[in-house]
Amino acid sequence: MQATALEQQLNFLREIDRLKSVVRQSPLLDKSRKENSAEHSWHLAMYALLLSEYASGPVDTNRVLRMLLIHDIVEIDVGDFPIHGGTSPELQAEQEAAAAVRLFGLLPQSQGDALLALWQEFERAESEDAKFAKALDRFQPLLINVFTGGGTWTENGVSLEQIFSRYGPVIRRGAPQLWSVCEQWVTQHFAGQA
């Protein structure tokens with residue numbers, strides 16, 4: 001018996017509740033615990049709502065919000081891949097693409113196809129909306145690390161060069177003014193570590 005559209009949608013919503021159990025490496029700013037991926041996605045949506053004027057080009061904030069709300073749903077199947085994890089980018093992309101097909105495939109086809117296409121657009125980071133969304137996805141953990149005294153960078157021996165190469169190009173491309181702030185924060189952080 002074929003599930004109704006509502007049954008498929010409710011099944012998807014129950015499945016994505018699991019995102020709340022995916023623990024990321026980044027701590028909360030109060031350092032009381034690590035954040036989960038659902039919290040990260042919500043926080044990024046707030047960043048987009050408040051910071052869209054800093055995008056490198058014109059963006060549709062509603063599309064950016066939707067991208068950010070779905071961008072890490074794949075972590076339900078594959079987990080989080082931190083900067084210092086050492087995972088192959090190719091393997092990560094392959095695993096995440098398979099997870100996206102499975103998870104968005106739980107929805108009625110037209111809705112699932114639309115969300116899958118939006119997720120793929122985010123991953124490619126070619127449109128102005130996706131470039132800005134990607135920039136925020138790098139900006140938020142950088143901010144957390146700076147304002148927790150080094151956070152996961154210190155715990156894992158992440159260098160200034162790694163931060164500039166991992167975060168710099170993505171943030172600069174999607175939100176150059178935010179990258180200018182980041183450069184100052186990161187430089188001051190590492191100057192204080194010397």
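**Comments on the predicted model**

1. The structure under discussion is a predicted model. Within helix H2, which spans residues 37–51, sits Met46. Its relative accessibility is 31%, so Met46 counts as partly exposed. Together with Trp42, Leu49 and Leu50, Met46 forms a nonpolar surface patch of about 430 Å².

2. Helix H9 (residues 160–174) packs against helix H10 (residues 176–193) at an angle of about 165°, and their axes are 8 Å apart. Because angles over 145 degrees count as roughly antiparallel, H9 and H10 are assigned to that class. Their crossing is right-handed.

3. H10 also packs with helix H7 (residues 128–147), here at an angle of about 25° and with the axes 11 Å apart. H7 is therefore roughly parallel to H10. The crossing of H7 and H10 is left-handed.

4. Two backbone positions deserve a comment. Most residues other than glycine have a negative phi. Lys31, although not a glycine, has a positive phi of about 65°. Lys31 belongs to the loop between strand S1 (23–27) and strand S2 (34–36). With a relative accessibility of 54%, Lys31 counts as exposed.

5. Ala125 is located in the loop that lies between helix H6 (109–124) and H7. Is this residue buried or exposed? Ala125 has a relative accessible area of 9% and is therefore buried, the cut-off for that class being under 20%.

Notes:
Residues are numbered from 1 along each chain as its sequence is written. This is a predicted model: local features need pLDDT of at least 70, side-chain atom pairs count only at pLDDT 80 or more; totals for chains, interfaces and linings use all residues. Side-chain values use heavy atoms; hydrogens and water are left out. Patches are made of residues with over 30% relative accessible area and no salt bridge: like charges are joined within 9 Å, nonpolar side chains (Val, Leu, Ile, Met, Phe, Trp, Tyr) within 5 Å. Accessible areas come from the Shrake-Rupley method with a 1.4 Å probe; for residues, only the protein chains shown count as cover. A salt bridge is a side-chain nitrogen of Lys or Arg within 4 Å of a carboxyl oxygen of Asp or Glu. Helices (H or I, at least four residues) and strands (E, at least two) are DSSP runs, numbered from the N terminus. Buried means under 20% relative accessible area, exposed over 50%, partly exposed in between (1.4 Å probe, protein chains only). Axes are lines fitted to C-alpha atoms, for helices over the stretch in contact, and angles run from 0 to 180 degrees between N-to-C directions. Angles under 35 degrees count as roughly parallel, over 145 as roughly antiparallel, 65 to 115 as roughly perpendicular and the rest as oblique. A crossing is left-handed if the near helix is turned anticlockwise from the far one by less than a right angle, and right-handed if clockwise.
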